[in-house]
Amino acid sequence: MAAKIIDGKAIAAELREELTRELTELKAAGARPGIATLMVGDDFGAGMYRGAVEKFCAEMGLGYRNETLPADTSEETVVAAVRSLNDDPAVSGILPLRPFPPQVSDSAVINSIDYGKDVDCFHPFNMGRLTLGEPGFPPATPAACVELLERYLRAEGRDVIDALEGAEVCVVGHSNTVGKPLALLLLNRNATTTVSHVFTSNRGNLAKHTSVADYLVVAAGVPHLIGADLVKPGAVVLDVGINRVVTCPECDAINRSKKNPCRACGADLVEAAAKTVGDVDFAAVSGVAAAVTPVPGGVGAVTNMMLARNTLRAARLQLDKK
């Protein structure tokens, strides 16, 4: 059986068209939808993401504000910067870019964000609404997973509610940013949701949960963690992982870096080719699953669209308050 590929790029293109129309309507009504990023210091990963957000906003026609502070900025000053963003009518959504330096606590920054501008669901208020199943701003990556799954089901001619209610769903990974909120989104759709993680695997129990799942979502950050032996035949598999690895030229084994010999055969990896892979062994799982998302071109392609959707919702709510 060859799995159907759930094309995140194609779905992202559909979403872009839908959101562009909504953005045009909001601007015509007087809204000024825009995103602000808050960065303290010069962390490379945070800087890369900041640049990606700025580029995305330009492509979508969203406003953008960059608030970057020196690494030695006091917590009090960072919180004051957040309040400035809260008061800016051209900022609909605020993205705090972590990590922050040691003197600035995550909680102090996140708790100071206006929860009406918390478009990636960091604030405890919005996480609470998510837990209760109330409308809010679901985190972008978990929301992308659900969007892909629901659009796939509709494309297959299935009723989404009927397909998910009571179905066995396994989420691999229990991070605060993906695994936990994703489990809540699925529970809110009445799926029978199991969350497994590194401690599940340490007990030797991972297969017990993944191999019975009708829908399997993997967000563990471990390259090729899930092979065909861990997937129920006919399951739908969503791969959230994005891992940069090198492939051994001698045995094709995946390795984390070129610094050490191949973990499988001991070959030198200095000339090994680098590539991006997911947490799922795509080639192997494609022979078992009914459908699977690729990496790249799957969940990641839709994540920014979910961020834009939340930003437009925030802009609409702010417009309604005027």
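Colleague: In which hand does helix 6 pass helix 8?

Modeller: This is a predicted model. Here, helix 6 and helix 8 cross each other, and the crossing is right-handed.

Colleague: Which residues make the contact?

Modeller: Both helices contribute to the contact. Helix 8 supplies P181, L182 and L185, while the residues from helix 6 are P142, A143, C145 and V146.

Colleague: How many nonpolar, polar and charged residues does the contact of helix 6 with helix 8 have?

Modeller: Ala, Val, Leu, Cys and Pro are among the residues that count as nonpolar. In this contact there are no charged and no polar residues, and the nonpolar ones number seven.

Colleague: At what angle do helix 6 and helix 8 pack, and how far apart are their axes?

Modeller: Two packed helices are described by the angle between their axes and by the distance between the axes. Helix 6 covers residues 140-155 and helix 8 covers residues 179-187. Their packing angle is about 40 degrees, and their axes lie 8 Å apart. Helix 6 is therefore oblique to helix 8.

Colleague: Turning to the whole protein, how many helices and strands does the secondary structure have, and why is the protein as compact as a globular protein of that length?

Modeller: The secondary structure comprises 12 helices and 12 strands. For 322 residues the globule rule gives 20 Å, and the radius of gyration of the protein is close to this value, so the protein is as compact as a globular protein of that length, with a radius of gyration of 21 Å.

Colleague: What percentage of the residues count as buried?

Modeller: A residue is buried when its relative accessible area is under 20%. Of the 322 residues of the protein, the share that counts as buried is 48%.

Technical notes:
Residues are numbered from 1 along each chain as its sequence is written. This is a predicted model: local features need pLDDT of at least 70, side-chain atom pairs count only at pLDDT 80 or more; totals for chains, interfaces and linings use all residues. Side-chain values use heavy atoms; hydrogens and water are left out. Axes are lines fitted to C-alpha atoms, for helices over the stretch in contact, and angles run from 0 to 180 degrees between N-to-C directions. Helices (H or I, at least four residues) and strands (E, at least two) are DSSP runs, numbered from the N terminus. Angles under 35 degrees count as roughly parallel, over 145 as roughly antiparallel, 65 to 115 as roughly perpendicular and the rest as oblique. A crossing is left-handed if the near helix is turned anticlockwise from the far one by less than a right angle, and right-handed if clockwise. Contact means heavy atoms within 4.5 Å. The radius of gyration is taken over C-alpha atoms; the globule rule is 2.2 Å times the number of residues to the power 0.38. Buried means under 20% relative accessible area, exposed over 50%, partly exposed in between (1.4 Å probe, protein chains only).
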